[in-house]
Amino acid sequence: MRVSVIGTGYVGLMQGVMLAEFGLKVICMDVDEKKIESLNNGIAPIYEPGLNELLNKHINNGRLQFSCNINHAIDDVDVIFIAVGTPSQDDGSADLNYVLNVAQSIGEQIKSYAVIVNKSTVPVGTGQLVKQTICNKIVERNLEIEFDVVSNPEFLREGKAVSDCLNPDRIVLGAENKKSLKIMQHIYDALHINQVPFVCTNLETAELIKYSANAFLAVKISFINEIALLAEKTGANIGDIAYGMGLDCRIAPYFLQCGPGYGGSCFPKDTRAIVEIANNNAEELLVVRAAITANEKQKQRMVEKICNVMSTVDNKTIGILGLTFKADTDDMRDAPSIDIINGLIKNGANIRVYCPQGMKEAQWRLEHHKKKITYCSDEYDVSNGASAIVIMTEWGQFISLDLSVLRKNMSDNVFFDLRNMFVDSDDIRTIFKYFAVGHN
């Protein structure tokens, strides 16, 4: 079976590599010539543990090809995955321009039956819109070409995407007939053999499953973050609260770790998008809207916490450890670090930062603050002259910090652990004035 993936961003690249790992021959297409050149040389444009090894494996065995020619991705293929970006617009809705541009190209080039798969996260109704767009272009060519549109949303966790691809919780397929469904099930034969659950439904349901899942997880994170703020004021221990809650099988322990707020490529974008989808359908998602508000509040409270503990951060140096929205990724999209650093600088602070993978992206995302931010060589360099250290992201290498060396370099001894990495350590409290989230 011949397969193509249009778009080599995070989702598209992972999908292409995964399908090659399943034994399929895959063409991945993107308009970015520099990215395609790098990929053909076996260099991934993103950091994801395990990705480079699989990428080079399947380039070398010939299963994986990269091209800037969209004709190669459309002609003589059985299945075409659309995996382009759907960024948020000002009103929170998903921008479908990239998706529909691809649909138009497919309609202009398609020559025989193919299954068109929406892998991008798209609003309800996009599958029908893609179908109509392709139809219109085929009609303009005075041709009759059969095709089907399927919704197959992704559920990848950044930093764990390789294992999520190879051992997913489920495969969701939204299809309109048995023919396209059978082809998609064949695509994922390797997972079917491993008894991965398949959710087979219609287009609209599949599209809404993705948004609903991400919105629910965002609600869960926002909930525990608000309880953490309450725990600090009442003398309660958020770790024990989350543990006690998570033992209830109706709740489960996942996504009950409090912190500085959620970020990344999915939760902020998808919560805003599903609220806008509801607005367009004369419904109001009060719970999801509250989670969005609570997440913004959480980031602001972290700024307030740091400023209040230190009386003032004006003309003080704050060392930041971690910039990405989570560990094991280089992604800073909507990372809490951006808003918190902005808030600290607004209050007069100077910033020293280090992140294992986020430094390159941070320099352009925070370019407007370049005079106030020093990018450091390692975690100890961050502490030089700092009045306080803030752990922003839970990178594993930070847990083995030599705290005495860190303290020796500092001008004061305040330590803010926004990920509660050291909350069970007695040593840190003998060296620093230690402040976690949801703990006194």
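Predicted model: local features only at pLDDT ≥ 70, side-chain atom pairs only at ≥ 80, totals over all residues.
View 1. Residues are numbered from 1 along each chain as its sequence is written, and side-chain values use heavy atoms, without hydrogens or water. β13 (residues 414-417) and β14 (residues 433-435) pair in the parallel sense over 3 bridges. Pairing requires at least two DSSP bridges between two strands. Strands are DSSP runs of E, at least two residues; helices are runs of H or I, at least four; both are numbered from the N terminus.

**View 2. Strand β12 (residues 388-391) runs parallel to β13.** 4 bridges join them. A388 stands opposite V414. The chain passes from β12 through helix α16 (residues 403-409) to β13 in a right-handed β-α-β crossover (clockwise from first strand over helix to second, with the strands pointing away from the viewer).

**View 3. The side chains of β13 point two ways.** V414 and F416 point one way, F415 and D417 the other. All are buried (under 20% relative accessible area, 1.4 Å probe, protein chains only; exposed is over 50%, partly exposed in between).

**View 4. S180 sits in helix α8 (residues 178-187).** S180 is buried, at a relative accessible area of 0%. Neighbours within four places in sequence aside, S180 contacts Y113, V115, D148, V150 and A175 (heavy atoms within 4.5 Å).
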